[in-house]
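Please look at the model first.

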Amino acid sequence: MLRVVVLGAAAGGGVPQWNCGCEVCRAARGEHPELKSTQASVAISADGEHWFLINASPDLRQQSIATPQLHPAKGRLRHSPIAGVILTNGEVDAVAGLLSMREGSPFAIYAHPKVLAVLKANSIFNVLSAEKVRRVAIGIEILPFAVPGKAAWYLEGKEHPGGQQGDGDTLGLRIRDKAAGKHFYFIAACADVTDALKSRLAGASLVFFDGTVWRDDELITQGLGSKTGQAMGHIAMAGKSGAIESLADLDIDRKMFLHINNSNPALLASSAERKMLERAGWQIPADGMEIVL
């Protein structure tokens with residue numbers, strides 16, 4: 001049995017973002033507290049005892065406190081059921097939470113060599129003792145695959161510690177319970193839906209997919225930023241080449257957006273964008289939602 005807990009579904013900054021006064025963030029602080037969401041991460045387990053995180057968001061401490069499945073075992077002074085962290089990229093949203101895991105409990109980090117090189121090049125991650133942070137065998141099979149994307153924003157214009165050539169800065173994951181044969185896909189960042197990606201996702205029972213922006217230029221049109229979604233390595237939900245249209249007719253049982261930016265109007269349950277998303281068979285998960293495959 002494969003268990004999935006959504007720890008957070010928001011993009012960088014969460015909802016509400018500390019310095020943002022957009023419509024969604026104002027609503028989350030006021031009359032619609034249900035809009036509050038921490039930054040994107042999920043926890044997975046095949047046995048209910050050993051858990052793997054997909055990305056370690058800056059909100060990891062808050063998420064672990066709010067998630068009973070991640071609490072220390074009863075009667076143990078120092079313990080964590082977190083056996084490993086799987087990184088899909090080297091963005092701050094995905095790696096900053098590792099610094100909240102520096103208190104000595106053993107776990108493993110799984111990532112593309114390019115992302116591991118980024119961690120190695122940054123001395124602050126030396127707080128994770130090499131003796132404690134090691135590989136742990138468990139009954140979950142992780143199949144990483146490259147998807148269209150870009151290097152972390154803080155590497156723009158700089159030499160990449162993992163080399164400039166080749167894919168690997170942005171990964172999608174297929175997570176499979178080897179005993180039950182169940183699997184799902186996790187793609188928190190994706191700049192384009194290729195034919196190869198469509199072929200991979202066709203017929204899947206569950207897909208978590210990049211839902212950062214509703215339209216490519218929304219940060220610009222709302223006066224919240226100067227970059228398009230594409231410039232940040234994210235495909236839009238809507239539009240002719242957006243995720244909703246690109247992934248339609250693939251016979252996916254459950255489709256969930258995550259890594260949703262606070263600028264995205266689809267976060268508002270009463271919005272036309274949310275209704276369009278739901279008519280297309282998509283969901284926006286709440287923090288703490290558990291799914292059993």
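Is Glu141 buried, partly exposed or exposed? Glu141 counts as partly exposed, at 29% relative accessibility; the classes are buried under 20% relative accessible area, exposed over 50% and partly exposed in between, with a 1.4 Å probe and protein chains only.

The model is predicted: local features need pLDDT of at least 70, side-chain atom pairs count only at pLDDT 80 or more, and totals for chains, interfaces and linings use all residues. Residues are numbered from 1 along each chain as its sequence is written, and side-chain values use heavy atoms, with hydrogens and water left out. Helices (H or I, at least four residues) and strands (E, at least two) are DSSP runs, numbered from the N terminus.

**Salt bridges**

- The whole structure holds five salt bridges, each defined as a side-chain nitrogen of Lys or Arg within 4 Å of a carboxyl oxygen of Asp or Glu.
- One of them joins Arg3 and Glu290, with 2.7 Å between the closest N and O atoms. Arg3 is in strand S1 and Glu290 in strand S12 (residues 290-292), so this pair ties together parts that are 287 residues apart in sequence.
- Both ends of that pair have intermediate accessibility: Arg3 is partly exposed at 22%, and Glu290 is partly exposed at 33%.
- Glu141 also meets Arg174 in a salt bridge, at 3.1 Å from N to O. Arg174 belongs to strand S7 (residues 171-177) and Glu141 to strand S6, 33 residues apart.
- A further salt bridge of Glu141 goes to Arg176, where the closest N and O atoms are 3.5 Å apart. Since Glu141 lies in S6 and Arg176 in S7, the pair ties together parts that are 35 residues apart in sequence.
- Arg176 is partly exposed, with a relative accessible area of 25%.
- Together, Glu141, Arg174 and Arg176 make up a network of salt bridges.

**The open sheet**

- Six strands form an open sheet of mixed pairing, in the order S6-S7-S8-S9-S10-S11; two strands pair if DSSP finds at least two bridges between them.
- Strands S6 (140-146) and S11 (282-283) are at the edges with a single partner strand each, so one side of each has no neighbour in the sheet.
- S10 (residues 254-258) pairs with S11 in the parallel sense over two bridges, and Met256 stands opposite Gln283 in S11.

**Helix H4**

- Among the residues of H4 (residues 113-121), Lys114, Val115, Val118 and Leu119 are buried. They line one face of the helix, because they fall within an arc of 145° seen down its axis; the arc is that of the directions from the helix axis to the C-beta atoms.
- Pro113, Lys120 and Ala121 are exposed on the other side of H4.
- Helix H3 (92-95) and strand S5 (108-110) are included in what covers the buried residues of H4, where contact means heavy atoms within 4.5 Å.

**Backbone exceptions**

- Most residues other than glycine have a negative phi, and most peptide bonds are trans.
- Val15 and Pro16 are joined by a cis peptide bond, with omega about -5°. Pro16 is in the loop between strand S1 (3-8) and helix H1 (23-29).
- Asp251 has a positive phi, near 60°, and sits in the loop between helix H7 (243-246) and S10. Asp251 is exposed, with a relative accessible area of 62%.
- His259 has a positive phi of about 55° and lies in the loop between S10 and helix H8 (272-279). His259 counts as buried, at 10% relative accessibility.
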